[in-house]
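Please have the sequence and the coordinates open side by side.

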Amino acid sequence: MNAIRIKRYLSPVGELLVGSFDGKLCICDWAHEKRRDVNDRRIRHALHAVYEDGASDTIDRAIAQLDEYFARERTAFDIPLIFTGTDFQNSVWRELQNIPYGKTVSYGELARKLGCPKAVRAVAAANGANPISIFVPCHRVIGSDRKLVGYGGGLEAKKGLLALEQASGGLF
């Protein structure tokens, strides 16, 4: 059976699981996420793999880039990613990568950018199922009233990530 290497990373805003498969990042997700089991099953099933604790070159590079991000030395990532969602989820996750550092969009704006203006709830659900947090910046999506809503790592983590990025551009 194939293996997904995973390692824990303690960020300034919470503990993350960082995982790689075949030289690509497949997980950077909150260790204590309420959907942890569902996300893990989906990833293992999609990749026909099991989790194994340990490092890899991809994980080491991802952690180095996370350290730079939290030190405000990095605003973009260049780790290869592998998505493990449905076609719709994958399209949402690709679009999330187009949200610039230091900027936010609403779920409605994201749905319009995807050409599905009436699919706000589906976009929100796909956003919530994103297993590659920070690298695929779902924290940059906010409510239409510009308030912070829902985040796998909790609203305090979302608030912390947005505050970190605030120095580079106006949020809200």
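The UniProt record, an unreviewed entry, places the feature "domain: Methylguanine DNA methyltransferase ribonuclease-like" at residues 9–81. In this predicted model, that stretch is 36% helix and 32% strand, and its end C-alpha atoms are 18 Å apart.

**The annotated cysteine**

- Which residue carries the "active site" feature in UniProt? The unreviewed entry puts that feature at Cys138.
- Cysteine 138 sits in the loop that runs between α5 (120–128) and β6 (141–142).
- Is cysteine 138 buried or exposed? Cysteine 138 counts as buried because its relative accessibility is 5%, under the 20% cut-off.
- Setting aside neighbours within four places in sequence, cysteine 138 is in contact with Leu96, Asn127, Asn130, Ser133 and Tyr151.

**Threonine 58**

- You will find threonine 58 in helix α2, which covers residues 57–70.
- Threonine 58 has a relative accessible area of 8%, so this residue is buried.
- A polar atom of the threonine 58 side chain lies 3.2 Å from the backbone oxygen of glycine 23.
- Beyond its neighbours within four places in sequence, threonine 58 is in contact with Ser20, Gly23, Lys24, Leu25 and Ile79.

**The nonpolar cores**

- The largest nonpolar core has 35 residues, and those with the most contacts inside it are Val18, Leu25, Cys28, Leu66, Phe70, Leu96 and Phe135.
- At least two residues of this core come from each of β2 (14–21), β3 (24–30), α2, α3 (87–96), α4 (107–113), α5 and α6 (155–166).
- Helix α2 supplies the largest share of this core, with 6 residues.
- Another core, of 11 residues, lies apart from this one, and includes Leu17, Phe21, Ile43 and Ile82.
- Phenylalanine 135, one of the residues with the most contacts inside the largest core, touches Leu25, Cys28, Ala62, Gln65, Leu66, Phe77, Ile79, Leu81 and Gln97, leaving out residues up to four places away in sequence.

**Helix α3**

- Within α3, the residues Gln89, Asn90, Val92, Trp93, Glu95 and Leu96 are buried.
- What do the buried residues of α3 pack against? Their partners are α1 (36–47), α4, α5 and β6.

Technical notes:
Residues are numbered from 1 along each chain as its sequence is written. This is a predicted model: local features need pLDDT of at least 70, side-chain atom pairs count only at pLDDT 80 or more; totals for chains, interfaces and linings use all residues. Side-chain values use heavy atoms; hydrogens and water are left out. Helices (H or I, at least four residues) and strands (E, at least two) are DSSP runs, numbered from the N terminus. Buried means under 20% relative accessible area, exposed over 50%, partly exposed in between (1.4 Å probe, protein chains only). A polar contact is a pair of N or O atoms within 3.5 Å; within protein, one must be able to donate a hydrogen and the other to accept it, and residues adjacent in sequence count only if both atoms are side-chain atoms. Contact means heavy atoms within 4.5 Å. UniProt positions are given in the numbering used here, feature names are shortened, and annotations may be inferred rather than shown by experiment. A nonpolar core is a set of buried Ala, Val, Leu, Ile, Met, Phe, Trp, Tyr and Cys residues joined through side-chain atoms within 4.5 Å.
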